[in-house]
Amino acid sequence: MPEVEAPAIPPSESGNGEAARLRLLEEQLAALFDVSCVLSRSLELRETLRHVLRTLHDRGRLCRGMASLLDTDSGDLLVAALHDEDAAPFEKIRYRPGEGVIGQVLESNRRWILPRVGDEPRFLDRLSLFDPDLPFIGVPIRIGEDDVVGVFALQPPVADSLMPQRARLAEMIANLIGQAVRLSRSVEAERRALREERDTLRRQVKSSHGFDNIIGRTDRMRLVFEQVRQVAKWNTTVLLRGESGTGKELIASAIHYNSPRAGGAFVKLNCAALPDNLLESELFGHEKGAFTGAQSQRKGRFEQADGGTIFLDEIGEISPAFQAKLLRILQEGEFERVGGTRTLSVDVRVIAATNRNLEQEVKDGVFREDLYYRLNVMPILMPALRERVEDIPELAKFLVDKLAKRQGRELSITDSALGVLMRHHWPGNVRELENCMERAAVMSEGGIIDRDVLNLTGLDVGTLPDAAAAVTLTPSPAADNIDLSDPDIDERERVIAALEQAGWVQAKAARLLGMTPRQIAYRIQTMKIRVKQF
């Protein structure tokens, strides 16, 4: 190991030499303390190393410093920080193990001390950083005894008998840097894991709220899907209309998670669940001491949703007094916390939902007209389940599969049970269907949901109308003249005409329509066509 030996100090100069050592020791202790303070300030490793080099230059009489760290992917040393503004750009500078003096320090895991760096033929001054006439100290940066993660290089101002002491200081600082590197890598690994987990959860949430997971094949539902796809691209305020249990919250989630705001928060609040005084605090937040029990400042839902979306369910239930307070934030995006005087601004997309007739309430003076028009920018009407009977079989099967995963067993539903479900009126819409399926799953010991199991759920199968008698059809005498390929003919009329032309033989009618017998049987059932018996 090339090191410079400290020359013997003559007896006449021993006093001066001891005084110099004491001064150096004091300076090194002060520098070591300052370096430890710098390393404890931040987890941004490169910026911290640059401050360490500056501190050593100012307090430790060690100039032209360089810290290089090992790249775990390539195995090369990459320059991480310098203390010389005039040095060449270092982003692409690297040293392989054993290459030059820096590479030798890495490979040997030992310190190097050169009295004059210009005399060392292996020295590669790729950065034009070091003075060839000055000494050089290079020490490994370690994590533990043998895990070398970098090289710490410095140039003292002079080569004197105190070089070993200066090298010792460099080694102590390198050990501190090694701990900082270990901590930085640990933090970065945790950050990477959290980012990956966050991205995975975002993908899962987005996929769970995607359009493919919303069931609906009827024209009414296809219209809803198209409206959602279009409005999700923009920040337009959306008003979801429809009966309770039709899936308004599901549509609100789909709008948010398929919009540019998907990375922001999606905050939900049921406006009917709180009185006005609590609703104001919940939405706008409050300052400390604003009212009894307000022991600290609290952000409201609008602040929490800044950069994202807020979903205000049951918006028609808020009082006229609170409607005026809500109108301002919808118009200007500004509000004050309860008990506060400072005006706050937020960037929030608003999606509201109601099952009430707001137009009638505006006429009756119960709901503010200006708030109504502020909310009703993009209305989306959710159809009742009885208006989309064709979707019931697919919905029921989806809910049964969902319950099977939750209960950890196999569940299935029979065609006869699906026929019963399609004849029910469903005043509670999809929510009622979901509850019915859960009751049926609980009552089904063998995992098969049939008519008898539905009876046990409280759905009175005996009182339901017969599917074949639900609609009485008077066949058209001109059915033979109807062109089945005409796209302007309603699908129900086309099926009836095909049955008339086929003499009410379903297999023959299916061939006329280019369908399978199962497909036409499904349409006869869902369209409630009374089949003639001959």
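Let's start with helix 7 and helix 9, which are roughly parallel to each other; on this scale, angles under 35 degrees count as roughly parallel, over 145 as roughly antiparallel, 65 to 115 as roughly perpendicular, and the rest as oblique. Helix 7 covers residues 276-284 and helix 9 covers residues 320-332, and they pack at an angle of about 10 degrees with their axes 10 Å apart. The axes are lines fitted to C-alpha atoms, for helices over the stretch in contact, and the angles run from 0 to 180 degrees between N-to-C directions. Helices and strands here are DSSP runs numbered from the N terminus, with helices being H or I of at least four residues and strands being E of at least two.

Before going on, please keep in mind that this is a predicted model: local features need pLDDT of at least 70, side-chain atom pairs count only at pLDDT 80 or more, and totals for chains, interfaces and linings use all residues. Residues are numbered from 1 along each chain as its sequence is written, and side-chain values use heavy atoms, with hydrogens and water left out.

So which residues of helix 7 and helix 9 meet? From helix 7 we have D276, L279, E280, L283 and F284, and from helix 9 we have A321, F322, K325 and I329; contact means heavy atoms within 4.5 Å. By class, that contact has six nonpolar, no polar and three charged residues. For the classes, Ala, Val, Leu, Ile, Met, Phe, Trp, Tyr, Cys and Pro count as nonpolar, Asp, Glu, Lys and Arg as charged, and the others, Gly among them, as polar.

Now take another pair, helix 17 (residues 506-513) and helix 18 (residues 517-526). These two pack at an angle of about 100 degrees, with their axes 8 Å apart, and are therefore roughly perpendicular to each other. Q506, A509, A510 and L513 on helix 17 meet P517, I520, A521 and I524 on helix 18. The residues of this contact divide into seven nonpolar, one polar and no charged.

Buried means under 20% relative accessible area, exposed means over 50%, and partly exposed is in between, using a 1.4 Å probe and protein chains only. The buried ones are A417, L418, G419, V420, L421 and M422, and among the elements they pack against are helix 12, helix 14, helix 15 and helix 18.

Let's step back to the whole protein. There are 18 helices and 17 strands, and buried residues make up 44% of the 534 residues. Among contacts between residues at least 6 apart in sequence, 65% join residues at least 24 apart.

What about the largest nonpolar core, and how many residues does it have? The count is 31, and L49, L56, F152 and I173 have the most contacts inside it. A nonpolar core is a set of buried Ala, Val, Leu, Ile, Met, Phe, Trp, Tyr and Cys residues joined through side-chain atoms within 4.5 Å. Elements giving two or more residues to this core include helix 1, helix 2, strand 5 and strand 6, while the largest share, nine residues, comes from helix 4. Leaving aside neighbours within four places in sequence, I173 is in contact with L32, V35, V52, L56 and F152. Apart from this core lies another, of 30 residues, among them A305, I310, I315 and V362.

T354 counts as buried, at 1% relative accessibility. Beyond its neighbours within four places in sequence, T354 is in contact with L239, L240, R241, G242, K248, I315 and G316. The C-alpha atoms of T354 and S244 are separated by 8.2 Å, although these residues are 110 apart along the chain.

To finish, a few loops. N109, between helix 3 and strand 4, has a positive phi of about 55 degrees although it is not a glycine, and N109 is buried with a relative accessible area of 18%. E314, in the loop between strand 11 and helix 9, also has a positive phi of about 55 degrees without being a glycine, and at 17% relative accessibility E314 counts as buried.
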